[in-house]
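Here are my notes on the model you sent.

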Amino acid sequence: MSDYVIETRGLTKRFGAQNSVSDLSIHVRKGRIYGLLGRNGAGKTTTMRMLLGLTAPSSGEVRIFGRPLRGNEKRILPRIGSLIESPGFYPNLTGTENLRIFAELRGLKDPEYVKTALEVVNLPYRDKKLFSQYSLGMKQRLAIALAVMHNPELLILDEPINGLDPIGIAEVRDFIRALCDTSGKTILISSHILSEISLLADDIGIIDHGVLLEEESLAELEAKNGKYYRFIVSSAPQAADLLRDKLGIRNAQVNHTHELTVRDARLDAGAAVRLLVEAGVAVSDAHLYEDTLEDYFKEVTGGEGIA
Amino acid sequence: MRALLKLLRCEFAKLRRKPLFFASAAISALIPLGCALFLPDFHAFTSGAEAVEGMMSTLFQMSAYLLLMPALVVLAANLLFEEQDNDILKNLMAVPVSKPALALAKMALLFLFAIAFMAAGGLVNLVIVLAAGWEPDGFWRLFFVGIGQGVMMWAGALPCVLIVVLLNRSYIVSVIITFFYTAVNYIFGTSDFFITQPFGFNPGTLLPGPLAFRWFFQYLDASEPGAQMAALWERISPYFVTTPQAFLVVVMESAVFLTLIALVYKRRNG
């Protein structure tokens, strides 16, 4: 029996000649929040659609609850709650009426399911407002209510905070966290907003151009986000040689003639400055920096930052 | 089957505040009322049986061909496109609901609509006949013929529904196709070339317009026909189709077109 609630193996989706998702292998552990982080168009939604069987993979396999999704949809999908892309509901019906339809389809007879789902997202039960009259935030809340209404073991939420105001974002974040912490739900959440992922996720997968670049726990990533020193000196190449020869620092990186970066936790900055000054290299600035998750994202994607 | 019934219940729930559906249902009373108010023949009826005959005949020839048939296709387009237009298919598929089952539930809803449409039209006729102080002699037989014709019109609308789903175009294109199909069906249904063909593998049997005409016409009272009616009766009576023959064609065509509609709908992106 697999330890993972979601496991993909070499998942690939091609649209024409272009790979939207390439050889993706993600591992979502039970009772954890997994954040799939990537820019818009990175392949997050396509991945989530494949996890729900909404889009057929070109190759590779999706395993959920230890079983292949293909051929087991009727057994697996009822145990999942999902929100994919924009909220889609019948515009001529109220929120309650919309949820009642899905409750009927899911075999949820008790009206309490609908009532409770609306309550948890702060939407009124039996309100007369039609879905077509909802604000974007209300639509998003209704979509979250639909995802949780049947008390699923696994939630797959694609950009769930889209359209929410700051208070709504905080509420939804707390709600998602509580679902994991108190109800033991496993949650896969995607976002292009790095701060949201860093605030919510236990495990993070970084996806870019359809390729999974990193998959680690938040703690591991934070540990990786090393500290580094940046020196402004009269001659960076000379300083790099000195640090290597005298202090054994092998990863001093010359950024340009006067700037040097040292990514080595063992560096004694005081000793380094003393050494450089004594050797005739003028040191005009020495600063300790700490990578943020965004810096790390930039580093692994080799590109620009993320919101 | 239970899943299909569940889907059908949901289809009913989705009809709330859908003016198109209720307007389509309301027009079932349009032609009977129009005939009663404006048709000179109506005031010339001398007995209840004649009034029932005249009004039900109008229901069969006008309401069914010219209102029910296009209403069914336009409603089908509305029902089959609503999930796609509002991005709801993904939520349904995640339940999971199968697309073919969803399409079949929508067609089942239209089946009930067709029956209700003809039943409502028949009952409006009954009310008018009673209000005029006549005995509705022979009404119930023709009422059930009307229900049967509703089923035939539903089956006859399925090829057009398939074209609409296949083209996957806007409502305007669907409406144009619908009215073209309705006109062709009506013309064929009144054309001697089509209604004087023997039962078999030919357009007079396979096309819904001629088939329905060759079936319902035999149930109209021909005991005291006018000269024109007598001539028509004489021409087409050898080509009448029996109820089992008519419904065999309906069942077979429905099975084929429902399967095709379900398959085409399945290929849609969720």
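**Notes on the predicted model**

1. A:Leu24 lies in strand β2 of chain A, which covers residues 18-24. The model is a predicted one, and the values below are computed from it.

2. Is A:Leu24 buried or exposed? A residue counts as buried if 20 or more other C-beta atoms lie within 10 Å of its own. A:Leu24 has 25 such atoms within 10 Å, so this residue is buried.

3. Which residues does A:Leu24 touch, leaving aside its neighbours within four places in sequence? The contacts are A:Thr8, A:Leu11, A:Thr47 and A:Leu212. A:Lys13 is eleven residues from A:Leu24 along the chain, and their C-alpha atoms are 9.4 Å apart.

4. Chain A as a whole contains eleven helices and 15 strands. Of its 307 residues, 42% count as buried. Taking contacts in chain A between residues at least 6 apart in sequence, 68% join residues at least 24 apart.

5. On overall dimensions, the C-alpha trace of chain A spans about 80 × 40 × 35 Å along its principal axes. The radius of gyration of chain A is 24 Å, whereas a compact globule of 307 residues would have one near 19 Å.

6. Between the chains, 23 residues of chain A are in contact with 19 residues of chain B. On the chain A side, the elements that give two or more residues are α2 (73-76), β7 (80-83) and α3 (95-105). The largest share, six residues, comes from α3(A). By class, this side of chain A has 13 nonpolar, four polar and six charged residues.

7. Within chain B, helix α9 (residues 171-190) packs against helix α12 (residues 208-216) at an angle of about 40 degrees, and their axes are 7 Å apart. That angle makes α9(B) oblique to α12(B). The crossing of α9(B) past α12(B) is right-handed.

8. Which residues form the contact between α9(B) and α12(B)? From α9(B) come B:Asn185, B:Tyr186, B:Phe188 and B:Gly189. They meet B:Pro208, B:Gly209, B:Pro210, B:Ala212 and B:Phe213 in α12(B). The residues of this contact divide into six nonpolar, three polar and no charged.

How values were computed: Residues numbered from 1 in each chain as written. Chains lettered and ligands numbered in written order. Predicted model: local features only at pLDDT ≥ 70, side-chain atom pairs only at ≥ 80, totals over all residues. Axes fitted to C-alpha atoms, helices over the stretch in contact; angles between N-to-C directions. Helix = DSSP H or I, 4+ residues; strand = E, 2+ residues; numbered from the N terminus. Parallel < 35°, antiparallel > 145°, perpendicular 65-115°, else oblique. Left-handed = near helix turned anticlockwise from the far one by under 90°. Contact = placed C-beta atoms within 7 Å. Nonpolar A, V, L, I, M, F, W, Y, C, P; charged D, E, K, R; others polar. Rg over C-alpha atoms; globule rule 2.2 N^0.38 Å. Buried ≥ 20, exposed ≤ 12 C-beta atoms within 10 Å, placed from the backbone.
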